[in-house]
Amino acid sequence: MTWIACELHTHTFHSDGRQSLNELALGAKALGFDCIALTDHNTMAGLAHKEQIERETGLLIIPGMEWTTFFGHMVTIGVKDYQDWRRVGPGDIHAGLARVHEQGGLAGMAHPFRPGSPMCTGCFWEFEIRDWNEIDYIEVWSTTFAPVKKNNIRAYRLWTDKLNEGFRLAATSGRDWHFQERTDAPLSVTYLRIQEGEAPFTERAIAALSSGRASVTLGPRLDLQVNVNGEVYQIGDAVCSPGERERRASVKVLADFTSRHEHWHLPEQSYTVSLKSNLGVLSEQAAMPEQFPLHAEISVQGLLWIRAELWGVIQGVRTLIAFTNAIYFD
């Protein structure tokens, strides 16, 4: 397995962006990304020279499309063919989701609580979801300096609520990148833990996100492991039901402060590492970068999921800086 730095929500001039795919790829490469997903609004025309641009820039490109309607925006990635969403109404989203999954793609809610019309037509989510098992992920951080924005705080809370209800869906970030510009605002990254092998990269990336092997950050890459009776579980894994003698687990939280370190800046500080779950906060520790990895002992009784969060100060604001996706408990 290897971690890949991804930007999963981008646009070119084939929809409402002001950049070519080549400009987008070069810009992403300059920011230390390994991969982007091209998700133009209701078109896949921008992918025409995908393979050539991958060869020339060394950047991996996942095909996708942002299904853009009056009732919500859905980021679909890994799809092979254009899907016509014009007949999908607020009550029949599941017909569209089925078509995405038939192609082997994934469907994620894009910026579900961003203000809608007239500021951004359809940006606020209004579709009725009857079965949350058919939603693959939620874009909980959207645009730059994402964790301080109220609509993202609501999206993060929605993801937490669905985890508490027993649904296993991933969380991602997306810049919603439309044009090349210099910015001092913190940029988020979605790291995917990719299986190495001969299969096409898109297939392996989709498998990683589908399994929830993802970690999101404004800076250091956060990782989480759970050890139950000598068996080590990673982000996205499900811990098998422990026996009577294995009611406790050892947890390790790792933080890589070298990942893309030239592209972000955090002041010297002591961070707070929090282990969150459906039962609330399981553990909190203060730590300097050199003190990682951190260890904790927890009870697994009643757990559905846990994740790690890294809190600290960035640009004078104390906020959530990084979080992992969940490890689940059967």
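Begin by selecting arginine 114 and aspartate 176, whose side chains meet in a salt bridge at 3.0 Å, N to O, a salt bridge being a side-chain nitrogen of Lys or Arg within 4 Å of a carboxyl oxygen of Asp or Glu. Arginine 114 sits in the loop between strand E5 (106-109) and E6, and aspartate 176 in the loop between E7 and E8, so the pair ties together parts that are 62 residues apart in sequence; helices (H or I, at least four residues) and strands (E, at least two) are DSSP runs, numbered from the N terminus. Both arginine 114 and aspartate 176 are buried, where buried means under 20% relative accessible area, exposed over 50%, and partly exposed in between (1.4 Å probe, protein chains only).

The model on screen is predicted, and local features need pLDDT of at least 70, side-chain atom pairs count only at pLDDT 80 or more, while totals for chains, interfaces and linings use all residues. Residues are numbered from 1 along each chain as its sequence is written, and side-chain values use heavy atoms, with hydrogens and water left out.

**Next, colour by domain.** The domain assignment, which is automatic or from a database, gives domain 1 (2-217) and domain 2 (221-329). Their C-alpha centres lie 25 Å apart, and the contact (heavy atoms within 4.5 Å) takes 35 residues from domain 1 and 28 residues from domain 2. The area buried between the two domains is about 2,600 Å², with carbon and sulfur atoms giving 55%; buried area here is the accessible area (1.4 Å probe) that two parts lose on being put together, summed over both.

Among the elements that give two or more residues to the domain 1 side are strand E1 (2-10), helix H4 (150-164) and strand E9 (214-217), and H4 gives the most, with 5 residues.

**Select threonine 217.** This residue is found in strand E9 and is buried, with a relative accessible area of 1%. Its side chain reaches the backbone nitrogen of glycine 219 at 2.8 Å and the backbone oxygen of proline 220 at 2.6 Å. Leaving aside residues up to four places away in sequence, threonine 217 touches Trp141, Leu187, Ser188, Val189, Tyr191, Ile321 and Ala322.

**Then return to arginine 168.** Arginine 168 forms a salt bridge with aspartate 330, the closest N and O atoms being 2.9 Å apart. Arginine 168 lies in the loop between H4 and E7, and aspartate 330 in the segment after strand E19 (327-329), so this pair ties together parts that are 162 residues apart in sequence. Arginine 168 counts as partly exposed at 43% relative accessibility, whereas aspartate 330, at 52%, counts as exposed.

**Finish with other charged groups.** The structure holds 7 salt bridges. Select glutamate 54 and lysine 50, whose side chains meet in a salt bridge at 3.2 Å, N to O; both are buried. Lastly, select Lys276, Arg307 and Glu309, which are linked in a network of salt bridges.

Key
Polar contact = N/O pair within 3.5 Å; in protein donor to acceptor, adjacent residues only side chain to side chain.
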